[in-house]
Amino acid sequence: MELPLISSIQRVQVYETKARYYIIGSNSTETTFRVLKIDRQEPKDLVIQDDKHVYNKVDIRKLLEMIASGNVKAGKQKHTGEGFMKYVSAYGIVGFVRFLEGYYMVLVTKRSIAAVIGGHVTYKIEDTVMQYIPNMPADKYMHPDEPRYVKMFQSVDLSSNFYFSYSYDLTHTLQYNMAPSVDPKFGEPKQTDKHKSNVYGVKVAPERNYVWNKYLIEPYQAHVHSDWILHIIYGFIAQSNMYIYGKSVYITLLARRSNQFAGPRFMKRGANSQGAVANEVETEQIVQDMCVTQLHKGRISSYVQMRGSIPLYWSQDISKMVPKPAITVDKRDPYFHTAGLHFNRLLYRYGAPVILLNLVKRREKRRHEGLLCDEYKDCKAYLNQFLPPDKQLIYIGFDMAHYTKKYAKHTNDVFDRLAGISRFCVKQTGFFLQLPQLRSGFWEQPEYDGVKGNKTESGCRQTGAVRTNCVDCIDRTNTAQFAVGKCALGYQLCALGVLPVPDLDFDTDCVTMLEELYENMGNTLALQYGGSLLVHRIEGYRKIAPWKAHSVDIFQTLSRYYSNAFSDLEKQQAMNVFLGVFVAHDNELNIWDLPTDFYLHNPDAAGLKMHRKSYTMWCDPAIFNHLPLPFEEACKPSHSLIQVLSREDEAVNVLFENYKPYTLTDIKRLAQDMEKVIRNYRHRIYRNPSPFERRASFDGKDSRFAALSIGGSSSHHHHHSGKFMLQSASQELGRTISVKDSTASTTSNTSKSSEDSSSSASSVEGDIVTSSCSDDEKSHFKHRVAKVSHPEPNVYDLDLAQYEEDEFTQELYKRYVDIGAADQSKLSEMKVPHLMASPKIEPLGEYPGDIYGVEEPEVSKRSMDVYIRYVQCGLGGASEPSAANKEIYRNYIRQLYM
């Protein structure tokens, strides 16, 4: 059995002397310690020593006392501060960085829990500290540009959306982390003790494209123990707890941003010469049944998709102050070498097929985004020539903006089209599923008809991924990714045994919660890349946004425009310095003196020779031969550190790491703001606690019928016969998505005249077409519609319309209210006619006393003594412990420290 190795350094204490920094790292229980020594006499070099020795609590205390005694100067320590003293407490080392003078040390001083994935806790950085290492005189000469570089580096806010974990690799997907690292031919580890079982402890090399402190850990990574290294990602992590009749199901949304070709919106477009694209973000949706916490024994599923700019050489001229700068293709690449490098890396990480969901506009009065659309289709057609049909890139073009304007009055019509595309994508790629026991015939069920992926004995592995893009990869992309995530969530919950069929409807608590997760992720990523929140949100495409949403969108548009015009250059320079793209040197140009950073991100343009692949075999042979499976998982054993440890060892005890029985319970953690469907999303008027129950909208309409009726219709249309509903259903069936023959994949380009003459079907193009459904699909859909056609009982459990509002009824109701509010003893004093005639209310029954009276229960003397001692302890403090308790405490101290 394989278990991830947990870092033995989770607490850091920094002590300083005049000559050195001593960094004491310990595990969470403070039973093992390691020591780093940093020389402060070197002005510009980083001299760091790790003695590789593991100390216990007694040894580390003696070491600190010895260091303190060696740095005490008689009569001077108190006044000069040259002795040994503690500098700061932290939770890890971010790294070391140097500009024009000496090195700086960056430490994590505050953290908060972001999510729990299979018992592995992930943390969000809340605060950091940056300390200059060399101990130089105050009058020493300092380079005049040093403060500006420090300020530029610190403008990258590490307390905003940076995450790390001591036991879980956040740079890889869940499927990769659960893939075997040990070759099966080695079998289980040898058991040296019959009373203790051994397991394999595994530590995997991170994916460096997602490690944002990669440049900061380079100066010391090769000289220290691996537990000192903290790999930090940048993006978004959020988690919600979906209660299903008391059963917790965690839904985690994780977005990891690539550090390659990184920068703000107009500064980074398209791709660089190495195949890295702008705004590349990998999104992972994890669903886990929390009945069992451990990953390898629990029930868990994940689905991965990504976003990124179109992998071509293109940009937008920002020299002119216009809202939409013109798009220009900077460099013609007839063999699409850059795109080939990009898709080769996608096949390496995700496998095949890679689905290209292109949301760029095709119908415009003036050619703008259409230039990229045509070039992108040519790129796909060229690269697919050298791949077999079952491994080719699948292109789907959907003019989402045009479709939204054309059907502005149709509720949910955009999502109806996206639902068909999403189901096609999820079926093509499959999804990752891990179950402890998979019953026979599981994948033969009709719910999983057409679902591909690599089926295993314990579930399924996702092969391929959906790559979504628009021009900015912000607004439209986020909405499309939500649609794909919603479809994938239905399959995930169905496979985990939560749902009978893989279908989720809007206006349920589950989908509302998922929509909020994607909305928060979209806002975070939009701020990072675009400089503002989302302009076009999910509810806007659903046509349910409130009237004030339009003014909010205008404000966000202005905010994004201001950020792009006045602050993007500073953000790009800070990011280049933080990531090590630009390294400052004395007597050379500073980063603010460079006219452009194009040569920094394109090494071949700077004169460096780069290996160019064949124009035809753009996919590496090793990757190609391993398709449709991702070759990255096959390389995992060669990138892993493996140790044989006891199962009870703290280095592999995930439950001990998660629940922390050695610490006191934190009240803040008990009240952790993890979103709960039953509390935050379900309205109180509903008695059914299921998060999959449809809720009536508060405008008087029931959303169950809005999706099947013509958009904009009034509520009386909902009472039409089932014939009308089936007719609307058949219209929806006409937009079902299916796959073309493999021979048609290279003929996706259609003429403009055919686009103009076509109807709504022309909004989707590429390797999928609209077609009629099979008889089985129609019967299944009719069955679903028949279920919807019978509305549920009124959610208030009372239909007030059946009671007439006559004068007699109103008088009775008025008497009822007044009697309940009035004091019976003062009825005679009140001059209310209809109350004066009210009968005297007396308790009914044969008991002489007041049946509503309550007698105080008798309390025993022993209980009173306990309560009195409790009160006295609160007033005067704890009492003196007994002699026996004192002796027990003395024995405990002797065993622990002596």
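This is a predicted model: local features need pLDDT of at least 70, side-chain atom pairs count only at pLDDT 80 or more; totals for chains, interfaces and linings use all residues.
Me: How many helices and strands does the secondary structure of the protein chain come to?
Reply: The chain holds 898 residues, of which 49% count as buried. Its secondary structure comes to 28 helices and 28 strands.

Me: What share of the contacts with a separation of 6 or more joins residues 24 or more positions apart?
Reply: Contact here means heavy atoms within 4.5 Å. Among contacts in the protein chain with a separation of 6 or more, the share from residues 24 or more positions apart is 72%.

Me: Is helix α6 roughly parallel or roughly perpendicular to helix α7?
Reply: Helix α6 covers residues 337-350 and helix α7 covers residues 370-383, and their axes lie 11 Å apart at an angle of about 70 degrees. Angles of 65 to 115 degrees count as roughly perpendicular. Therefore α6 stands to α7 as roughly perpendicular.

Me: Does helix α27 lie largely in the open or largely buried?
Reply: Helix α27, residues 861-876, reaches 22 Å from its first C-alpha to its last, close to the 22 Å expected. Buried means under 20% relative accessible area. The number of its 16 residues that are buried is zero, so α27 lies largely in the open.

Me: Which residue just after α27 takes a positive phi?
Reply: Helix α27 covers residues 861-876. Just after α27, a positive phi of about 95 degrees is taken by glycine 877.

Notes:
Residues are numbered from 1 along each chain as its sequence is written. Side-chain values use heavy atoms; hydrogens and water are left out. Helices (H or I, at least four residues) and strands (E, at least two) are DSSP runs, numbered from the N terminus. The expected span of a helix is 1.5 Å times one less than its number of residues. Buried means under 20% relative accessible area, exposed over 50%, partly exposed in between (1.4 Å probe, protein chains only). Axes are lines fitted to C-alpha atoms, for helices over the stretch in contact, and angles run from 0 to 180 degrees between N-to-C directions. Angles under 35 degrees count as roughly parallel, over 145 as roughly antiparallel, 65 to 115 as roughly perpendicular and the rest as oblique.
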